Amino acid sequence: MQYGICHLSLVPVRSSPDEASEMTTQLLYGEHFKVLENRKYHSRIRLAFDKSEGWVGNDQITLLEEQQYKEIDSSKVNTYAKDLVSFVETDKRNLVPILLGSSVGFTTILAHRFEGNTIVKKQKKTELTSTALYYLDAPYLWGGKTPFGIDSSGFAQMVYKINGYPLLRSAQEQATQGDALSFIEESEPGDLAFFDNQDGEIDHVGIIMENNYIIHAHGKVRVDRLDHTGIFNVELRSYTHTLRVIKKII
């Protein structure tokens, strides 16, 4: 089996080996993965962090030795870039921009150097909503995981990841984690609220804030009201999402 790491700012992970196919998620700088299948121009990978799978361009990844992969994967210390945008310097002294939440603990494997601000230790639950506000007004992007484009589950995942807590990739998967709460009144800032569509399928997630507010990605990352019915958009004067369940992950 082959192994790899993302050496670029951002790499799309697609549903099929075609540059025009659906982007299901993204690789951020420093994320490592297993290569499940290799073709001439594309490889099917499985991300180490959340086990999501998809296809990436072979010219957008760097292969690792098995020992290097295991070194990264077995590390108990995760180091993430703290600023919206920062830079790593390559061995050729080129600057590569990297984004909030990028993994920078093993830049030496790529012969890169990083001197920016980082988050290393697991943070208190109270930090979740503060981190979430870094993404405020980020445009909605299906499969996105960055302040320059993000979907609802990618938003929840990245906020939790930066603070040291693992979440799966899709809203449906995330809804299987944690403990369900019976009432909104039992929730705390940082808990997750999940919403379903007309078919009863969970398709949206947001992070609960204080005083019955929620921050979520819908059109953009925005703050709306939350009650027992769902998300109420004050600008539209209507509900946009129907509440299914609230989960306490931490």
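Predicted model: local features only at pLDDT ≥ 70, side-chain atom pairs only at ≥ 80, totals over all residues.
Trainee: Is Leu95 buried or exposed?
Mentor: Exposed means over 50% relative accessible area, and buried means under 20%. The relative accessibility of Leu95 is 56%, so Leu95 counts as exposed.

Trainee: How much accessible area does the nonpolar patch with Leu95 have together?
Mentor: The patch lies on the surface, and its members are Leu84, Val85, Phe87, Leu95, Tyr134 and Phe148. Together their accessible area is about 590 Å².

Trainee: Which residues of the largest nonpolar core touch the most other members?
Mentor: In soluble globular proteins, nonpolar side chains tend to be buried together. Here the largest nonpolar core has 28 residues. The members that touch the most others are Tyr135, Phe155, Leu192 and Val221.

Trainee: Which element gives the largest share of this core?
Mentor: Two helices, helix 2 (127-132) and helix 3 (152-162), each supply at least two residues. The largest share, 6 residues, comes from helix 3.

Trainee: How many residues are in the other core that lies apart from it?
Mentor: Its members include Tyr3, Ala81, Val96 and Ile98. This core lies apart from the largest one and has 15 residues.

Trainee: Which residues does Phe155 touch, not counting residues up to four places away in sequence?
Mentor: Phe155 is one of the core residues that touch the most other members. With those sequence neighbours left out, its contacts are Ala132, Tyr135, Ile150, Ile207, Ile215, His216, Ala217 and Val221.

Trainee: Which side chain does a polar contact of 2.8 Å join to that of Asp224?
Mentor: Asp224 is found in strand 19 (residues 220-226). Asp224 counts as buried because its relative accessibility is 3%. Leaving out residues up to four places away in sequence, Asp224 touches residues including Asn212, Tyr213 and Asn233. The side chain joined to Asp224 at 2.8 Å is that of His216.

Trainee: Is Asn233 buried or exposed?
Mentor: Asn233 lies in strand 20 (residues 230-233). The cut-off for buried is under 20% relative accessible area. Asn233 has 3%, so Asn233 is buried.

Trainee: What is the length of the polar contact between the side chains of Asn233 and Arg222?
Mentor: Not counting residues up to four places away in sequence, Asn233 touches Arg222, Asp224, Ser238 and Thr240. With Arg222, the side chain of Asn233 makes a polar contact of 3.5 Å.

Terms used. Residues numbered from 1 in each chain as written. Heavy atoms only, no water. Patch = residues over 30% accessible without salt bridge, like charges linked within 9 Å, V, L, I, M, F, W, Y side chains within 5 Å. Areas by Shrake-Rupley, 256 points an atom, 1.4 Å probe, with all protein chains shown as cover. Salt bridge = Lys/Arg side-chain N within 4 Å of Asp/Glu carboxyl O. Buried < 20%, exposed > 50% of the residue type's maximum accessible area, 1.4 Å probe, protein only. Core = buried A, V, L, I, M, F, W, Y, C linked by side-chain atoms within 4.5 Å. Helix = DSSP H or I, 4+ residues; strand = E, 2+ residues; numbered from the N terminus. Contact = heavy atoms within 4.5 Å. Polar contact = N/O pair within 3.5 Å; in protein donor to acceptor, adjacent residues only side chain to side chain.
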